[in-house]
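I opened the notebook to record what I looked up in this structure. The entries follow in the order I made them.

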Amino acid sequence: MSYVPNSKSLTYSYLISMPLLLVYEVLILITQPDPSMAVRLSTDIWIKSIFSLTGQNTIFITLIVAIVMGFIVFYRERHRSFYIKPVYFLWMILESLLYAFMLAMLISGFVTWLFAFVSDSGHLSTSFQQFTLSLGSGLYEELVFRVMLVGGLLWLFKQLRIQGTTRHTYAVIIGALLFSAVHYIGPLGDVFSITSFTFRFLFGIALNLVFIYRGFGIAAWTHSLYNLMLLLIWS
């Protein structure tokens, strides 16, 4: 099998996303050693709050869940006739970097032209913390908004017998709308503006398309590399 179908597989997506998980969790512990004062991603907090119901250390539960998911992925694809080629992981990162650059140029450029929009890099105390959260957001936000949300919508529309292109179109647009809207919900939500909503909506559409046609792994790395690219521009 060639690079494209292999890199879209669950196996490759799982393996290439694991470094994002491990590096993010390690850097959170290094940059924010006091758990009660830790600044984490909202999607990370949602997942960890569920894990906390077990009464166990949430990092430990996260690793256990990641390992279990690995066994599930490998079991589901045990009959696929492909080998793990390390060079494919490099190609996947380079492909993700290309998509991240295109998103930065096209979407950010379009919204800047349309609204004279200037991005806000946030108010984190150190660039190391910004680096950590930028890296982790690719994994956790893609897991929640692409795998769970868009994947769930695709499954739902399939059960409703909505066909092919229409099913994908509905999932992409609805998923992007919810992805954008959720940033303004709750006490820690942003103040709503049509500019930022439009930017996040278009960004969500792009990542939904990457997820559907190129898989979770490349979508996660595209998101993380995009955030890191903007962090370098802002700093």
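**Entry 1: surface and overall make-up**

I note that the model is predicted.

Next I looked up the secondary structure. The chain has nine helices and zero strands. I then checked burial: of the 235 residues, 46% are buried. For contacts between residues at least 6 apart in sequence, I find that 76% join residues at least 24 apart.

**Entry 2: nonpolar core**

I looked up the largest nonpolar core and found 57 residues in it. Met92, Leu103, Tyr140 and Tyr226 have the most contacts inside this core. Helices that each supply at least two of its residues include α2 (10–31), α5 (86–115), α6 (127–159) and α9 (216–234).

Leaving out residues up to four places away in sequence, Tyr226 touches Ala100, Leu103, Ala104, Ser108, Phe199 and Phe203.

**Entry 3: nonpolar patch**

Phe60, Ile64, Val65, Ile67, Val68, Met69, Phe71 and Ile72 make a nonpolar patch of about 720 Å². I picked out Met69, which sits in helix α4. Met69 counts as partly exposed because its relative accessibility is 41%.

**Entry 4: helices α7 and α8**

Buried residues in α7 are Arg167, Ala171, Val172, Gly175, Ala176, Phe179 and Ser180. Their cover includes α6 and α8.

I repeated the check on α8. Its 21 residues reach 29 Å from first C-alpha to last, close to the expected 30 Å. How many residues of α8 are buried? I count 17 of the 21, so α8 is largely enclosed by the rest of the structure. Gly215 follows α8, and its phi is positive, near 95°.

**Entry 5: salt bridges**

I searched for salt bridges and found five. Side chains of opposite charge can pair when their charged atoms come close.

In helix α3, I looked at Asp44 and Lys48, which are four residues apart, about one turn. Their side chains meet in a salt bridge at 2.6 Å, N to O. Both Asp44 and Lys48 are buried.

In helix α6, Glu142 and Arg146 are also four residues apart, about one turn. The closest N and O atoms of this salt bridge are 2.8 Å apart. Glu142 counts as buried because its relative accessibility is 0%. Arg146 counts as buried, also at 0% relative accessibility.

**Entry 6: Arg200**

Which residue does Arg200 meet in a salt bridge? I find Asp190, at 2.6 Å, N to O. Arg200 lies in helix α8 and Asp190 in the loop between α7 and α8, so the pair ties together parts ten residues apart in sequence. Arg200 counts as buried because its relative accessibility is 18%, under the 20% cut-off. Asp190, at 38%, is partly exposed.

I also noted a network: salt bridges that share partners join Glu25, Asp44 and Lys48.

Last, I looked up the contacts of Arg200. Beyond four places in sequence, Arg200 touches Phe179, Ser180, His183, Tyr184 and Asp190. Phe179 and Ser180 are among the buried residues of α7.

Technical notes: Residues numbered from 1 in each chain as written. Predicted model: local features only at pLDDT ≥ 70, side-chain atom pairs only at ≥ 80, totals over all residues. Heavy atoms only, no water. Contact = heavy atoms within 4.5 Å. Core = buried A, V, L, I, M, F, W, Y, C linked by side-chain atoms within 4.5 Å. Buried < 20%, exposed > 50% of the residue type's maximum accessible area, 1.4 Å probe, protein only. Patch = residues over 30% accessible without salt bridge, like charges linked within 9 Å, V, L, I, M, F, W, Y side chains within 5 Å. Areas by Shrake-Rupley, 256 points an atom, 1.4 Å probe, with all protein chains shown as cover. Salt bridge = Lys/Arg side-chain N within 4 Å of Asp/Glu carboxyl O. Expected span 1.5 Å × (residues − 1).
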